[in-house]
Amino acid sequence: MHPVDLAIIVVYLAAMPAIGVLVGRRQRSAADYFIGERSLPWWAVCFSIVATETSTLTVISTPGLIWAASGNYNGLTYLQLPFGYIIGRTLVSFVLLPRYFKGQQTTAYAFLGERFGSAMQGVSSVAFIVTRLLAEGVRLFAGAIPIQVILKHFGLHTSYWQIVVVLTALTVIYALVGGIKAVVWVDVIQLSVYIGGAIIAMIVLAGKLPDGWTSRAADAGIFRLFDFNFDFLHLLTSQYAFVTAVVGGAIFTMASHGTDQLIVQRFLACRSVADGRKALIGSGVAVTIQFALFLFVGAMLWAHNGFRTLPELGVKGDDVFTNFITSELPVGVAGLLIAAILASTMGALASALNALSNSTVADLYQRFTKRQPEDSKLLRHGRIWTLVWAVVFAVFGSLFSNRNNPVIEQGLSITGYTYGAMLGAFFLGMWVKRARQLDAIIAFVVTVAVMAVVVLAVKIPPAPGAKPVVLAFPWYTLLGVLITLVVGGALSLRHRTPDTTAAKEPEPV
């Protein structure tokens with residue numbers, strides 16, 4: 001590795017924890033630690049949401065989505081999914097967000113506690129913790145994969161567990177000391193780094209492309225935006241089908257950005273409902289622009305690689321951008337892009353640590369101990385749990401030794417098990433007035449069990465004699481919502497009157 005590239009990476013790794021500590025070192029209360037006392041500007045929260053939902057694999061893999069493994073091209077059709085995100089986040093901002101700003105709620109699951117009772121709040125919080133542990137822990141390991149490949153190319157031979165431990169240790173420094181303020185402001189910087197890296201890569205690529213490449217790209221379908229194939233099996237199995245991407249994407253993001261504490265905690269740090277709406281809807285627009293940027297990098301890489309398909313290139317889509325970074329970027333730019341990849345991993349991990357700590361303290365400790373300890377003790381608990389979850393993540397991510405472990409795929413798809421149950425529980429509480437706590441818990445557990453079977457075992461043959469494929473992931477959440485509402489609604493028919501008891505339980509301060 002060139003000394004300039006190495007210097008950029010070292011400076012970045014040292015600067016991010018230092019900046020985070022400086023920004024958030026003066027924590028005054030637990031509310032300050034978890035939601036910044038609702039004082040953060042909406043645009044910073046917006047960028048933090050985008051950085052939180054962006055992993056290393058997003059940065060590396062999105063350019064490769066231009067290609068299809070079969071030898072054809074997906075073009076820009078992946079952009080249909082964030083179009084659905086904008087719709088879903090707009091709905092969340094008007095349906096769910098105002099409920100979160102009532103009272104002193106610091107987690108998404110406080111609403112379920114007020115509507116149904118402590119047990120339902122605990123069940124939803126535990127589901128969030130398990131989901132986030134698996135999804136983020138595995139994503140932490142998955143993020144180490146391209147980092148190891150890049151470092152190996154530059155002569156630095158590292159193990160996956162070493163990368164995982166170093167990233168976790170650096171991230172926990174500012175997450176532990178600075179709380180949500182440090183996480184948000186470091187996210188803003190990290191987003192700027194990897195977007196800046198992508199723009200620089202585009203500038204470098206632009207000087208390497210042949211004349212008339214855009215015309216060839218248009219003729220080959222590289223710039224195709226919509227997939228209007230309405231064949232029923234295609235709609236069920238392809239995430240690139242228009243209806244699947246837009247409708248399924250909207251429901252999926254209602255769960256991920258309306259009921260997942262990882263994101264809800266962000267807009268709860270805004271100053272008002274209006275600011276929360278700007279942050280949430282703005283994140284949908286920003287992530288669409290981000291995907292468009294990385295997909296355009298993919299289109300340029302297609303031209304740069306001789307207008308060839310993946311079988312002709314002999315690589316996976318995930319490897320195209322990585323190969324370009326390691327072999328063709330000038331000195332300094334490669335270091336910046338490696339820092340950008342590190343940024344996306346550290347940002348997602350910091351967000352997960354703070355959200356898990358918040359949910360553990362507010363949804364589990366306070367609810368089930370029914371204690372109202374002084375604020376300094378809650379702040380101490382928050383920091384202790386941040387450290388605990390950091391250790392858990394480091395251990396979990398280090399357990400994997402290769403990139404072919406099937407558990408990785410299961411971990412990355414874990415949200416399919418719980419997102420539908422979570423969003424369905426919220427809708428059950430809002431729409432089915434007769435539903436009691438036991439009804440909601442049974443519906444939640446049944447949905448998670450059914451979705452586990454769907455995700456792991458259900459295969460759909462796209463054509464006679466063809467290899468079976470799975471249901472497209474955007475449909476998982478909608479199916480889970482429907483199961484929860486049907487089961488919970490049916491159980492609620494046992495009761496003649498609306499449930500009015502759970503809402504009277506006192507909310508911990």
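**Salt bridges**

Q: What makes the pairing of Asp260 and Arg132 a salt bridge?
A: Their side chains meet at 2.4 Å, N to O. A salt bridge requires a side-chain nitrogen of Lys or Arg within 4 Å of a carboxyl oxygen of Asp or Glu, so the pair qualifies. The model is predicted: local features need pLDDT of at least 70 and side-chain atom pairs count only at pLDDT 80 or more, while totals for chains, interfaces and linings use all residues. Residues are numbered from 1 along each chain as its sequence is written, and side-chain values use heavy atoms, with hydrogens and water left out.

Q: Why is the pair Asp260 and Arg132 said to tie together separate parts of the sequence?
A: Asp260 sits in the loop between α12 (242–258) and α13, and Arg132 in helix α8 (residues 118–153), so the pair joins parts that are 128 residues apart in sequence. Helices here are DSSP runs (H or I, at least four residues), and strands (E, at least two) are DSSP runs too, numbered from the N terminus. Both Asp260 and Arg132 are buried.

Q: How many salt bridges does a search of the whole structure find?
A: Four. One of them joins Arg89 and Glu53, whose closest N and O atoms are 2.8 Å apart. Arg89 is in helix α5 and Glu53 in the loop between α3 and α4 (56–61), 36 residues apart.

Q: Is Arg89 buried or exposed, and how do you know?
A: Buried means under 20% relative accessible area, exposed over 50%, and partly exposed in between (1.4 Å probe, protein chains only). Arg89 has 0% relative accessibility, so Arg89 counts as buried.

Q: What makes Asp439 and Arg494 a salt bridge?
A: The closest N and O atoms of Asp439 and Arg494 are 2.3 Å apart. Asp439 is in helix α21 (residues 437–457) and Arg494 in the segment after α22 (474–492), 55 residues apart. Asp439 is called buried because its relative accessible area is 0%.

**Core and buried residues**

Q: Which residues touch the most other members of the largest nonpolar core?
A: Tyr12, Trp67, Tyr100 and Phe426, out of 146 residues. Helix α9 (residues 160–206) gives the most to this core, with 22 residues. Apart from it lies another core of 13 residues, among them Ile414, Met451, Ile460 and Ala472. A nonpolar core is a set of buried Ala, Val, Leu, Ile, Met, Phe, Trp, Tyr and Cys residues joined through side-chain atoms within 4.5 Å.

Q: What does Tyr12 touch?
A: Not counting residues up to four places away in sequence, Tyr12 touches Gln190, Val193, Ala339, Leu342, Ala343 and Met346. Contact means heavy atoms within 4.5 Å.

Q: Why is Cys270 called buried?
A: Cys270 has 0% relative accessibility, and that is why Cys270 counts as buried. Cys270 is in the loop between α13 (261–268) and α14 (273–304). Its contacts beyond four places in sequence include Arg38, Trp42, Phe101 and Ala279.

Q: Why is Ser359 called buried?
A: Because its relative accessibility is 0%. Ser359 lies in helix α17 (residues 333–369). Setting aside residues up to four places away in sequence, Ser359 touches Thr107, Tyr109, Ser125, Phe128, Gln261 and Leu364.

Q: What makes Ala390 buried, and where is Ala390?
A: Its relative accessible area is 4%, so Ala390 is buried. Ala390 is in helix α18 (residues 375–398). The C-alpha atoms of Ala390 and Val165 are separated by 9.5 Å, although the two are 225 residues apart along the chain.

**Surface and helix length**

Q: What makes Ile87, Leu91, Phe94 and Val95 a patch?
A: A patch takes residues with over 30% relative accessible area and no salt bridge, joining like charges within 9 Å and nonpolar side chains (Val, Leu, Ile, Met, Phe, Trp, Tyr) within 5 Å. Together Ile87, Leu91, Phe94 and Val95 have about 350 Å² of accessible area, by the Shrake-Rupley method with a 1.4 Å probe, where for residues only the protein chains shown count as cover. Val95, in helix α5 (residues 80–95), has 34% relative accessibility and so counts as partly exposed.

Q: How do you know what span to expect of α14?
A: The expected span is 1.5 Å times one less than the number of residues. α14 has 32 residues and reaches 46 Å from its first C-alpha to its last, close to the 46 Å expected. Just after α14, Gly306 takes a positive phi of about 80 degrees.
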